[in-house]
Amino acid sequence: MTDEQKESAAKSAAAAAAAADAALTPEERAAKDAKKKEKEAKKNAKMAKFLAKKAKQEKIAKNQAKNAASKKKKQDKAEPKPEYVDKTVRGEKKIQVSLQDPSFSSYDPQAVESSWYSWWVKQGFFEPEFTKDGKIKPEGLFVIPAPPPNVTGALHIGHALTVSIQDALVRWNRMKGKTVLFVPGFDHAGIATQSVVEKNLWTHERKTRHDFGRAAFIEKVWEWKEKYHDKIKSQFEEMGASYDWNREVFTLDESRCKAVNEAFVRLFDEGTIYRSLRLVNWSVKLNTALSNLEVDNKTIAGHSMISVPGYDNKIEFGVLTYFAYPVVDSDEKVIVATTRPETIFGDTGLAVHPDDARYKHLHGKFVQCPFSDRKIPIITDSEAADMEFGTGAVKITPGHDYNDYATGKRNNLDFINIFTDDGLLNENCGKYAGLKRFDARQVVIDELKAKGLLVRQEGHEMTLPFCSRSGDVIEPYLKPQWWVSQKDMADEAIKAVRDGRITIQPLSSEHEYFHWLENIQDWCISRQLWWGHRCPAYFVHLKGEENDRNDGSFWVAGRNLSEAQKKADVKFAGRDFVLEQDEDVLDTWFSSGLWPISTLGWPEKTQDMETFHPMSMLETGWDILFFWVTRMIMMGLKMTGDVPFKEVFCHSLVRDAQGRKMSKSLGNVIDPYDVITGISLEDLHKQLHKGNLDPREIEKATEGQKLSYPNGIPQCGTDALRFALCAYTTGGRDINLDILRVAGYRKFCNKIFQATKFVMMRLGEDYQPPATAKLSGKESLVEKWILHKLNECARKMNEDLEKRDFYESTQAIYTFWLYELCDVYIENSKYLILEGTEEQKKSARDTLYTCIDGALRMIHPFMPFITEEMWQRLPKRSSETAVTIVKASYPVYKAEYDDSDSVNAYDLVMDITKSARSLLSQYNITKNAKIYIETAKPVYNEIAQDQKDAIRSLVKAATEVNVVTSASEIPNGCVLDAAAPDCNVHLMVKGAVDIEKEIEKVNKKLTKARGTLNNLNKVMGAEDYQAKASEEAKEKNSKTASSTEADIDGYKATIANLEKLKL
């Protein structure tokens, strides 16, 4: 519509309205005018309300800006905190500055956590401790291996969880006086490391491994290993992991190589390792077979376009192609469907169900391959063909499909490989040889169409296997490989758990363990890589003969070439031959499966094997229970005849706060170091450019970082991070890690720092604790209370850690520190220390020392740095022999501290205190308060009488505390609050408050509450409420109504009490 048209329409509308008004009667016109005025009045009122609201918002904003400016001005005026400078020489004991030093006056994780680790290591505190004659200490033995991190890159937050849990157990057992060994090590991670190095070389040098050659490329990988080994080791040190670094190992070091060769040769010689041509998960991009762990099976929708390495354009997946096979010597055709038309070159069978009437006349006949002169047999197989699904006929490609492989074996079909290692069609595909596999897909479809054999195509949801390292689509591929027979080994591993030699926690992991082992398949251990343990297998080239490399009878295994030569000499006596070592390397899990024994020196009969085998436990994530834990158990039993460890504990997997899996491309992967030291969002973005992500992934990850860490990551420190991760460990499958919760535990660290600092001030510079923590018999009620709580915490901590209940143990010590030690004893013992008799002062200080010393020891396994920092500052008992909290004894339950009567008594004192404080707050009385404690119960009366001074000191505004046995003894003008059954607290308010003002204040609250209840009743009384409201809404409204009714009753009672006071 043009402007002229709009103007003309407006004029016409106005004229029509005027004509309508002229036709109205006087009464109708008056009514219309009144309605118009009412509408304008409402409009004006609404505008006035809006303007008032806007003015109020502007005023608030102005005040906020003013306050912010004032705050900034104060901050600008305040002197900046001096930077803490640690003057300690690395490895020496930390030079601690005074707590009054400006640079150390407040909690700073970096300052607190500096220097301690290198001193611990240099002093040998992490090395196992034996008796004088070199035996295991009578307290027991605890040995645990660290799951070796891959040397592919830096540690992530999942590694931090592993360290936090394991080191908590290690430090706890060490403090219990046991001989403790925590074995560190690193994994060469064959495919993962080779993949990342190859990607890095291509990104920065545009070279492949083949440009370097095997030897030179392996040197490049060793350089990468050294770089990231050092980085990972420094991260472990930052995390406070108390490894015995003297025993550090690497899966490719000389001793571990010896162990791998030993295991391979033994298994080969007894026939457990054998040679076979079977299907493997083949990565065309990486040119190697993969384990199932390295394959991500993803469900994709029909007609999905997916990027595949090596292709410029996206490839379509999720399409079901129907085509017809001509029946030989017949005009008939059999229709089949496939998502992989390119595999038609490898079809060697067409399966139908033996009972399918549609195809009974074709049993034993053949169909013609459209692309060759090969005739394909029609077979009957009730497992492969389903009469109710599709056409009931299935193409069988034994060389490129796992189900078809089994069908081929059952029916003695030919196995044809149609691909090269590089994913090209091979010579078995005739003129199509050389085509890339997914280019061949479209060629086949076009050819079928041209031949009149293409029936139709339709979208089809399917599961597609991807290489987790390269993103390549996995190809089931026939390849001669080394396999390990698993059935007998699995049976022994099952037996070891069923008979209790090994326990597995949680129970869900034990169930998975049995399920996997009861359905185990043989294990392919060959990998077509350069980085790793080269197979110690040698092919015997008999001169003048062309023998099949897939025939195991022409292979020997040797721990070295000399041994292989001797075996071949015996096996092929009198014949000329040349030995050629297999080019393949072993699956990384093969060396990892030997980890608990190879780290102790196996196959040599070392002192460590004699002393520390089997290990106490294995702790790891539940996701590698099958790939690693089961193999360690099977290999350990096979090689030594004994279990490798006695206990398995599987922890949760760490996800982000939204519950998503940690992924570099999502931008939510967390480096523990960034949590420890803090990092800005900008610097997080910069880190993305240092890795191997392509530009599209970097863009996606950048957005992910903005979502997950909009303000970056605050500095939390190691102690807060460790504690948070253990507190998250509830036994569930996943941890949704919120960085803000970790930051919250930094505040807890600050509380520990400030509380210990305050305690030291209360103790005084000249304080010397008693030689022991035994009771003196002079303890006050509050001291008995806190010692009982300390004792209960020690009991619970030991029980929970023994049960591997990290959530409960962290909650126990958190509660003791915050709500019992700080909130109650430190606060409530002030009057004893400051105003008590000399005897009371000494007893209160001794108890304070016992509690702070015990609290630091109990939390040390979770927070090693702050506990060492503060414990070193405490004066020591003359009986103390430990020079570090690392070796200090862990608190245990003491019967003499158990005093439930005193706990009940002091709980009453605190209830009385809470009631008094509540009344004082309710009536705004801040000084000269008179309190009356009314109780007819003799035991309560005695407690209240005895604790009058304590109550007065706790209720700051109180100047007078009286204890009576009857309400008749309470003077007029008091209000009351029930502190406990049979005990009331009364507060004198007459003369202390303006009664009329208080009644007015309570009446406003009453009116508001009635309005709330009235509105709720209207909502809940509506006709359609029961039908339309959700159950959650009904429950919430019902609870709110009940709560509001209780508030109304309370307000009424308060008004009635105040009215009485007027009389």
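A crossing is left-handed if the near helix is turned anticlockwise from the far one by less than a right angle, and right-handed if clockwise. Keep that in mind for the second stop.

This is a predicted model, in which local features need pLDDT of at least 70, side-chain atom pairs count only at pLDDT 80 or more, and totals for chains, interfaces and linings use all residues. Residues are numbered from 1 along each chain as its sequence is written, and side-chain values use heavy atoms, with hydrogens and water left out.

**Stop 1: helix α28**

Select residues 864-871, helix α28. Helices here are DSSP runs of H or I with at least four residues, strands are E runs of at least two, and both are numbered from the N terminus. Colour by accessibility: eight of the eight residues of α28 are buried (under 20% relative accessible area, 1.4 Å probe, protein chains only; exposed is over 50%, partly exposed in between). Among them are F865, I866 and M870.

**Stop 2: α27 against α28**

Axes are lines fitted to C-alpha atoms, for helices over the stretch in contact, with angles from 0 to 180 degrees between N-to-C directions. So α27 runs roughly antiparallel to α28 (over 145 degrees; under 35 is roughly parallel, 65 to 115 roughly perpendicular, the rest oblique). Their crossing is left-handed.

Show side chains. D853, L856, R857 and I859 of α27 meet T867, M870 and W871 of α28; contact means heavy atoms within 4.5 Å. The residues of this contact divide into four nonpolar, one polar and two charged. Nonpolar covers Ala, Val, Leu, Ile, Met, Phe, Trp, Tyr, Cys and Pro; charged covers Asp, Glu, Lys and Arg; the others, Gly among them, are polar.

**Stop 3: α4 against α28**

Now select residues 116-123, helix α4. Its axis and that of α28 come within 10 Å and cross at roughly 85°. The pair is therefore roughly perpendicular. W116, Y117, W119 and W120 of α4 touch P864, F865, E868 and E869 of α28. By class, this contact has six nonpolar, no polar and two charged residues.

**Stop 4: A657**

Jump to A657, in the loop between β28 (653-655) and α19 (672-677). Is A657 buried, exposed or partly exposed? A657 is partly exposed, at 42% relative accessible area. Leaving aside neighbours within four places in sequence, A657 contacts N736, L737 and D738.
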